[in-house]
Amino acid sequence: MKIIFSIEELRDQLRGQLRTAFVPTMGNLHEGHLSLIRLAKKHGDPVVASIFVNRLQFGPNEDFDKYPRTLQADIDKLEKEGVYVLFAPTEKDLYPEPQEYRVNPPDDLGNTLEGEFRPGFFTGVTTVVLKLFSCVQPKVAVFGKKDYQQLMIIRNMSKQFALPTEIIAAETWRAEDGLALSSRNSFLSASERAEAPALYQVLNEAAQEVRNGNTNLIEIEKRAMEKLAQRHWNPDYISIRRRADLQSPNATDLQQHTELVVLAAAKIGGTRLIDNLEI
């Protein structure tokens, strides 16, 4: 595996490659990330991964400095998966001058759910992803469904800018007890880790109510929030939305059995976890 830090060297290395598959990450890799690499291999060749902790998507009170950085361990894992190139730029490499041009998702998608609780987050995400796409110029790029809203925003961005990159969705990788794998899980204490699967459990219960024909979505969401609060979580949202555009479903959607997804974000102790479940 070749490890590259500069954009110029990356472009030289990939010149002439027409089927590159790309997996962008922020490092601290776990089995969920590696599942993205394996999926990428099925859709293109060579496979390029990136590791970059993107300051633009962190709010002023978020954990940019604490975000786990484990470059050597990540390199070892990527080498075992047969990755062709790891692009691991420093901030100076990727942002040699202040990144004053930004990509702003539309308000109805970018300022709801995660966007409501993390203002500017998706602007930071779309800006860095567009820049990484410009550097790698992939034929396909793989993103996990765990970050469901992010996946949709990047897919729509790629479509509206007519980027020559197909966005591939990968299923959420879970631990045996149901907890979605995330780099932030490393912040959980032993007791918090034991409690953490409750988030997925509550999502399953809410989804089952919808499958059983309960159309009072507000009541389902409220009850799910209360369940988490009773277990000493601090939930930001549990929300049932249309899969197609993440807007709230109306009566017609429910009558026609429109595809839905239930999404959640909640803090346990000092760690904020997100998850979702398609219905």
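## Exercises on a predicted model

Ser50 is one of the residues of strand E3 (residues 47-51); strands here are DSSP runs of E with at least two residues, helices are runs of H or I with at least four, and both are numbered from the N terminus. The model is predicted, with local features needing pLDDT of at least 70, side-chain atom pairs counting only at pLDDT 80 or more, and totals for chains, interfaces and linings using all residues. Residues are numbered from 1 along each chain as its sequence is written, and side-chain values use heavy atoms, leaving out hydrogens and water.

**Exercise 1.** Work out whether Ser50 counts as buried or exposed, and list what Ser50 is in contact with.

*Solution.* Start with the scale: buried means under 20% relative accessible area, exposed over 50%, and partly exposed in between (1.4 Å probe, protein chains only). Ser50 has 1% relative accessibility, so it counts as buried. Next, look for contacts, meaning heavy atoms within 4.5 Å. Leaving aside neighbours within four places in sequence, Ser50 touches Phe22, Val23, Pro24, Thr25, Leu86, Phe87 and Leu132.

**Exercise 2.** Find which residues touch the most other members of the largest nonpolar core, and which element gives the most to this core.

*Solution.* A nonpolar core is a set of buried Ala, Val, Leu, Ile, Met, Phe, Trp, Tyr and Cys residues joined through side-chain atoms within 4.5 Å. The largest one has 37 residues, and Leu10, Phe87, Leu94, Val129, Phe133, Phe143 and Leu246 touch the most other members. Elements giving two or more residues to this core include helix H1 (7-14), strand E4 (85-87), helix H7 (121-136) and strand E5 (140-144). H7 gives the most, with nine residues.

Now zoom in on Leu94: apart from neighbours within four places in sequence, its contacts are Ile7, Phe52, Phe87, Pro89, Val128, Lys131, Leu132 and Cys135. There is also a second, separate core of 25 residues, and Leu179, Ala196, Leu228 and Val262 are among them.

**Exercise 3.** Describe how far H7 reaches, and explain why it is largely enclosed.

*Solution.* The expected span of a helix is 1.5 Å times one less than its number of residues. H7 has 16 residues and runs 23 Å from its first C-alpha to its last, close to the expected 22 Å. Of those 16 residues, 13 are buried, so H7 is largely enclosed by the rest of the structure.

**Exercise 4.** Locate Tyr84 and say which residues it is in contact with.

*Solution.* Tyr84 sits in the loop between helix H3 (71-80) and E4. With a relative accessible area of 30%, Tyr84 is partly exposed. Beyond neighbours within four places in sequence, Tyr84 is in contact with Met1, Lys2, Gln13, Leu14, Gln17, Pro46 and Val47. The C-alpha atoms of Tyr84 and Asp45 are 8.7 Å apart, although 39 residues separate the two along the chain.

**Exercise 5.** Look at the backbone: which peptide bond is cis, from Asp45 to what residue? Then find where Gln137 and His257 lie.

*Solution.* Keep the general rule in mind: most residues other than glycine have a negative phi, and most peptide bonds are trans. The bond from Asp45 to Pro46 is cis, with omega near 0 degrees, and Pro46 lies in the loop between helix H2 (31-43) and E3. Gln137 has a positive phi near 50 degrees and belongs to the loop between H7 and E5. At 54% relative accessibility, Gln137 is exposed. His257, also not a glycine, has a positive phi of about 55 degrees and lies in the loop between helix H12 (251-255) and E8. At 70% relative accessibility, His257 is exposed.
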